[in-house]
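The following note sets out points for a colleague who is examining this entry. Please read each one alongside the coordinates.

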Amino acid sequence: MNNLKNRLGMSLIELIIAMAIFGMIMVSIFPAFIILNLTNIVSKENVSANYLAQYTSEELYQLGQDDTLTLGDFPVRLNGLGFYIDGSGNFINNSDPDYSQILTVQYDNPETGFIRLILVVESKHNYIYNSNTINDYRSQIETIIAVGD
């Protein structure tokens with residue numbers, strides 16, 4: 001009997017206690033992994049929306065560099081970039097399966113020949129975390145272009 005008492009190793013009780021302590025630690029750490037994953041998704045969506053807004057803004061800026069651009073043909077040029085006009089006077093581009101682009105055109109002072117363009121890019125994805133829908137992935141860029149008439 002003395003041999004069993006001096007044996008090195010863990011008994012079943014010690015193993016169960018160790019597993020219980022490990023389980024409690026993992027239960028407290030696991031939500032951090034979920035939040036980290038959600039933060040990565042949100043970052044990816046924001047970076048993608050910013051990139052798309054910047055890219056489209058550059059295309060719109062190039063329209064302003066064209067000396068032949070007039071107020072009359074501006075909507076036609078936007079149609080060439082994939083935008084169509086909706087009922088509220090905004091230009092919408094839904095050609096991307098992941099993002100929608102809403103372009104608001106403000107003719108502040110037509111005599112100056114400048115148009116203010118406000119481009120909002122929104123993600124079409126919704127993510128649910130703790131029964132809250134997270135869907136505010138948007139980027140907004142404002143550009144002023146010159147037109148001649």
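1. Burial and surface. In this predicted model, buried residues account for 25% of the 149 residues in the protein chain. The accessible surface of the protein chain amounts to about 10200 Å², and carbon and sulfur atoms contribute 60% of that area.

2. Secondary structure. The protein chain contains three helices and seven strands. Along the sequence, the elements follow the pattern α-α-α-β-β-β-β-β-β-β. As for the contacts between residues at least 6 apart in sequence, 51% join residues at least 24 apart.

3. Length of helix α2. Helix α2 covers residues 12-65, a run of 54 residues.

4. Bend in helix α2. Where does α2 bend by about 30°? The bend is located at Ser28, and a proline, Pro31, follows within four residues.

5. Buried positions of helix α2. The buried residues of α2 are Leu38, Glu45, Ala49, Leu52, Ala53, Thr56, Ser57, Leu60, Leu63 and Gly64.

6. Nonpolar patch. Ile13, Ile17, Ile21, Met24, Ile25, Ile29, Phe30, Phe33, Ile34 and Leu36 make a nonpolar surface patch of about 970 Å². One of these residues, Ile17, lies in helix α2. Ile17 counts as partly exposed because its relative accessibility is 46%, a value between the limits of 20% and 50%.

7. Salt bridge. How many salt bridges does the model hold? The count comes to one salt bridge, in which the side chains of Arg116 and Glu142 meet at 2.7 Å, N to O. This pair links distant parts of the chain, with Arg116 in strand β4 (residues 114-123) and Glu142 in strand β7 (residues 138-146), 26 residues apart. Arg116 counts as partly exposed, with a relative accessibility of 27%. Glu142 also counts as partly exposed, at 46% relative accessibility. In general, side chains of opposite charge can pair when their charged atoms come close.

8. Surroundings of Glu122. Strand β4 also includes Glu122, which is partly exposed, with a relative accessible area of 22%. Which residues does Glu122 touch, not counting residues up to four places away in sequence? They are Asp98, Tyr99, Ser100, Ile102, Tyr137 and Arg138. Glu122 and Ser48 are separated by 74 residues in sequence, and their C-alpha atoms are 10.0 Å apart in space.

Definitions and conventions. Residues numbered from 1 in each chain as written. Predicted model: local features only at pLDDT ≥ 70, side-chain atom pairs only at ≥ 80, totals over all residues. Heavy atoms only, no water. Helix = DSSP H or I, 4+ residues; strand = E, 2+ residues; numbered from the N terminus. Buried < 20%, exposed > 50% of the residue type's maximum accessible area, 1.4 Å probe, protein only. Contact = heavy atoms within 4.5 Å. Areas by Shrake-Rupley, 256 points an atom, 1.4 Å probe, with all protein chains shown as cover. Expected span 1.5 Å × (residues − 1). Bend = angle between axes of the 7 residues up to and from the residue. Patch = residues over 30% accessible without salt bridge, like charges linked within 9 Å, V, L, I, M, F, W, Y side chains within 5 Å. Salt bridge = Lys/Arg side-chain N within 4 Å of Asp/Glu carboxyl O.
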